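Please consult the sequence and the structure shown here.

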Amino acid sequence: MSQIDRRRFLVLGAGVVVGAGALPLLGCGSDPLTVSPTTTGGSLTTFRSPSEISSVDGLLETTLTAVSGMVPFGDSERWAYSYDGSSPGPTLRVKPGDLMRILVRNKLDNPTNLHTHGLHVSPEGNSDNVFVSIGPGEEFLFEIRLPENHRGGTYWYHPHRHGYVAEQVAGGMAGMILVEDDYDSDPVLAAATERVMVLNDPKIASDSSAFPTSMMDRMMGREGDLVTVNGVHHPRLSVSTGSLERWRLVNASSSRFYDLSLAGAPMMLAGNDGGLMGTPQEIDSLLLAPGERAELLVPVTDSGSINLHSHYYNRGGMGGSGSAGTTDLVTLEAVGAPAQAAVPTRIKGAEISPPPAITGRRSVEMSMSGMSFRFDGKTFDPARIDQHLVLGDVEEWTITNTSMMDHPFHIHVWQFQVTDASDRRLVSPGLKDTVVVPAGGWVKFVLNITDIPGRAVYHCHILDHEDQGMMGVFEATVA
Ligand SMILES: [Cu+2]
């Protein structure tokens with residue numbers, strides 16, 4: 001079926017399927033749907049959004065039960081780790097100043113815990129404390145208070161129990177945290193269609209036998225069998241011309257990098273790890289490493305297909321190929337007469353100030369030796385403090401990578417501003433908590449150590465590397 005025929009079929013179909021106002025994307029030549037459609041916003045579509053839990057009167061209270069077993073997958077099921085049988089888990093929507101009271105129940109055979117990736121919150125006690133270990137059959141109540149001045153943005157949660165992180169995250173335990181901000185009320189932005197997109201690449205199997213991994217998998221960082229968006233492989237949906245899409249993406253894969261591009265519409269980068277930026281900018285491609293987030297604005301002007309692709313990316317390593325070929329992540333079918341979509345040129349209140357004057361410098365080295373993954377020549381030791389930080393300092397960190405593989409560097413509690421990198425395309429104008437340090441290369445960023453004391457970690461976000469020791473401990477103390 002040609003493109004024109006297909007569009008006509010879609011438009012005709014819209015009138016034929018009365019009741020749902022639906023757009024049947026079914027049975028189009030060599031492009032069959034294998035996933036049962038669900039109804040979202042009155043349109044027939046296979047795109048699914050995770051369920052959502054919002055805070056009420058400053059409190060978000062919920063239980064997340066870590067389980068293993070079958071989860072829905074297309075017309076069938078697949079074996080997964082999940083929260084309450086749902087992968088991804090529910091989206092948690094909160095405001096600055098809110099308290100998140102989350103009871104984690106562990107029904108797995110291994111220990112787990114909970115990390116709120118990107119949130120500027122205390123890493124101690126029963127807050128975002130990765131030193132907590134919840135054994136099989138146990139439960140733990142996390143109470144995480146967002147500061148009143150917390151920046152809005154796209155954050156996420158996942159297990160962070162050292163030694164089990166890659167398996168549990170690759171298996172599907174992850175969910176989005178959206179922190180609302182005053183700038184979200186920008187009228188053009190508020191009129192956009194917001195979509196959460198949790199990217200993962202699970203192994204597809206009917207039991208847990210898919211999960212033990214080879215030494216090579218652990219060295220390279222395991223990758224799954226195919227890519228899913230909110231647990232669905234290559235979802236499609238229909239949109240109207242003249243509308244603006246706001247996509248909030250997280251790379252929740254344990255190792256896979258996504259080199260993203262969009263065909264059929266412009267792609268504008270409006271924000272990344274630490275929230276929106278004042279001026280959205282049109283981009284051709286975006287590298288999204290494990291742990292990173294992006295906010296994309298997509299104005300839908302013409303009818304036809306819009307495709308979000310991920311391209312092959314070589315992240316280095318011995319005999320490894322990085323992520324597999326070009327992959328379709330999401331396909332939109334735009335319908336309607338051509339209509340210009342409004343796009344915000346400036347988002348008031350989201351501007352990022354340049355970093356303050358530097359008061360000190362620090363260097364950290366990421367290295368590999370056989371199956372040993374290290375920071376500054378050492379593997380993780382929770383009893384050792386590797387970096388002593390002092391509140392009030394503004395430090396320039398230089399992260400070097402002496403290995404043959406890219407490693408995404410992530411630090412807890414803080415957002416930083418990347419100022420320079422050996423691969424210039426990795427320099428982002430926004431606030432970041434995760435950045436790729438290229439094989440044989442380096443990244444410089446400024447860390448403004450303002451206000452939250454405590455002990456936490458920095459690590460490689462290829463989670464197999466973290467599990468094998470590529471993690472260090474910092475402690476921030478009052479001067
Ligand atoms: Cu790594």
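Strand β4 (residues 59–73) and strand β7 (residues 99–106) run parallel and are joined over eight bridges; strands are DSSP runs (E, at least two residues) numbered from the N terminus, and two of them pair if DSSP finds at least two bridges between them. Leucine 60 has methionine 100 in β7 as its bridge partner. The model is predicted: local features need pLDDT of at least 70, side-chain atom pairs count only at pLDDT 80 or more, and totals for chains, interfaces and linings use all residues. Residue numbers start from 1 along each chain as its sequence is written.

β4 and β7 belong to an open sheet of four strands with mixed pairing, in the order β5-β4-β7-β9. Because β5 (76–83) and β9 (139–145) each have a single partner strand at the edges, one side of each is left without a neighbour in the sheet.

A further pairing involves β18 and β19, which form a hairpin with two residues between them. In it, methionine 267 lies opposite isoleucine 283 of β19.

| Strand pair | Residues | Sense | Bridges |
|---|---|---|---|
| β4 and β7 | 59–73 and 99–106 | parallel | eight |
| β18 and β19 | 267–272 and 275–283 | antiparallel | five |

Leucine 296 touches Trp247, Leu249, Met267, Met268, Leu269 and Ala270, not counting residues up to four places away in sequence; contact requires C-beta atoms, placed from the backbone, within 7 Å.

Key:
Contact = placed C-beta atoms within 7 Å.
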